[in-house]
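Trainee: I am new to this structure and would like to learn how to read it. Could you walk me through some features, one at a time?

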Amino acid sequence: MDIQAYIQSGVIESYVLGIANEQEVAELQRLRLEHPAIATAVEQAEQWLLDTSSQLAVPVADKSKMQLLTTLQNDFKEPVSASNGSVSSEAPVRSMSRNMAWIAAASVVLFVSSAAVNLYLYNKYTKAANDYSDLLKERTTLLATNKAYENRLTALQNNMQLMTAPGMLKVSMPGVAGKEQSLATVYWDTHTKDVYLIANSLPAAPAGKQYQLWALVDGKPVDAGMLENCEGLCQLKNIQQAQAFAITLEKAGGSPVPDLTQLYVMGKVQS
Amino acid sequence: MLKQRTQAAFSYLYDNYAATLNGIIVGIIQDQEVSGDVLQEVFVKIWRQVENYDPVKGRLFTWMYNIARTTAIDTLRSRDWKNSKRNNSLTEEYTSLPDKAPNPGDELGLRKIIQGLREEYKVLVELSYFEGYTQEEISGMLNIPLGTVKTRIRAAILQLRQQVKL
């Protein structure tokens, strides 16, 4: 038999392509076992088929593989190690689950510690928020107090400016007989004729009563204003001229004529 | 590895051969959508019959190729498919007349390659490879002696092999 002629006849290619007839197939199956050259030629033809087919490959839609894995899911076997049989086949499963257990345990630990840290931080936050709120209140109070002192200081400074101003005349009014504890002072601006009063020591006026300042002008009392509820130096009425000042306790709102039985303090103007 | 039938083995098989087998199916069916369905069927068959594969008889790929080709031809022959594609197979006959081919160059895969063959070879490849008729059937259909069918098929395949030399 001419083996080369057989190899080159095209029958081997027909065979691998699956279009040889039954008689050709039977003949080839027999010849390839008898002749290594033919066996090699079959091998080469199979390689040719693979190479050609690869060249003509058409890409498959991505979903196709997933679809097949679903269709065949009951046709797959668990991986089995060839050497050790079932024992080693379980080993990787067990180590997998041990890993999972570690991961699960680690997750729980992480979760618990995270919760604890959260609680701790929440408490710290609450305390800090309360502290902050308290500090804010304290600050407001301090600011208010500070403001009050500042106002008083400003008032005192102004008073001092007035008292030490040039042309300011000081009239000290000690308590009269029976009212020795009382004391008041008048500051009288000789330029502007403004009258200021400091009630150094006067008993609190009873309800419905008010202290009234009088200027004695040529022996006659002239109303110089009511002593309002004021602190420090209180500006009263403008008095053009006076020889003395006095304070009586009158009904609230003042009287046109002083009640001399209620005279508390009196002082002469030093001229 | 394949005979262990693990999912990993299947995955390997699919990743390496899906596109190549799909090319064979598309070459026969000439319709990518239907080919997708046939490819599914082919891989199911391959996986369920893998124990029947005998390495002594040939390569794994040759075995898979045969499953792909015969499944594609079975689909082509099934009644529904034949009916819906009747007009197409008619036009395929017209492609034998070069000037009247409706869409020359539209053929896919191997079917495109055989367009370069001589007319008497082309019809034999068409009937045997693409339509799966046996040489005896072709001899009867074309009224040509069996010996002539056999010789021409071999010659056609040899010419094809030279054309698709790599």
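Trainee: Is Gln30(B) buried, partly exposed or exposed?

Mentor: Let me first say what we are looking at. This is a predicted model, where local features need pLDDT of at least 70 and side-chain atom pairs count only at pLDDT 80 or more, while totals for chains, interfaces and linings use all residues. Residues are numbered from 1 along each chain as its sequence is written, chains are lettered from A and ligands numbered from 1 in the order in which they are written, and side-chain values use heavy atoms, with hydrogens and water left out.

Mentor: Now to your residue. Buried means under 20% relative accessible area, exposed means over 50%, and partly exposed lies in between (1.4 Å probe, protein chains only). Gln30(B) has a relative accessible area of 21%, so it is partly exposed. Its phi is near 65°, a positive value in a residue other than glycine.

Trainee: Where in chain B does Gln30(B) lie?

Mentor: Helices (H or I, at least four residues) and strands (E, at least two) are DSSP runs, numbered from the N terminus. Gln30(B) is in the loop between H1 and helix H2 (32-49) of chain B. Asn143(B) also has a positive phi, about 55°, although it is not a glycine. You will find Asn143(B) in the loop between helix H7 (135-142) and helix H8 (146-163) of chain B. With a relative accessible area of 71%, Asn143(B) is exposed.

Trainee: How many helices and strands are there in chain B?

Mentor: Chain B has eight helices and zero strands. Buried residues account for 46% of its 166 residues.

Trainee: Is Thr6(B) buried or exposed?

Mentor: Thr6(B) counts as buried, because its relative accessibility is 9%. It sits in the segment before helix H1 (7-29) of chain B. Leaving aside neighbours within four places in sequence, Thr6(B) is in contact with Phe76(A), Lys77(A), Glu78(A), Pro79(A) and Trp47(B).

Trainee: How many residues of chain A are in contact with chain B?

Mentor: There are 47 residues of chain A in contact with 48 residues of chain B. Another way to read an interface is buried area, the accessible area (1.4 Å probe) that two parts lose on being put together, summed over both. Chain A and chain B bury about 4,300 Å² between them, with 58% of it on carbon and sulfur atoms. In chain A, Ile19(A), Lys65(A) and Leu68(A) lose the most area to chain B, together 14% of what that side buries.

Trainee: How many salt bridges does the rule find across the interface of chain A and chain B?

Mentor: The rule asks for a side-chain nitrogen of Lys or Arg within 4 Å of a carboxyl oxygen of Asp or Glu. It finds five salt bridges across the interface of chain A and chain B. One of them joins Lys65(A) and Asp15(B), whose closest N and O atoms are 2.8 Å apart. Helix H2 (11-17), helix H3 (22-34), helix H4 (36-55) and helix H5 (63-71) of chain A each supply at least two residues of the side of chain A that touches chain B. H4(A) gives the most to that side, with twelve residues.

Trainee: In what order do the strands form the open sheet of chain A?

Mentor: Two strands pair if DSSP finds at least two bridges between them. Here four strands form an open sheet in the order E1-E2-E3-E6 (chain A), with antiparallel pairing. Strand E1 (168-174) and strand E6 (234-235) of chain A stand at the edges with a single partner strand each, so one side of each is left without a neighbour in the sheet.

Technical notes: Contact means heavy atoms within 4.5 Å.
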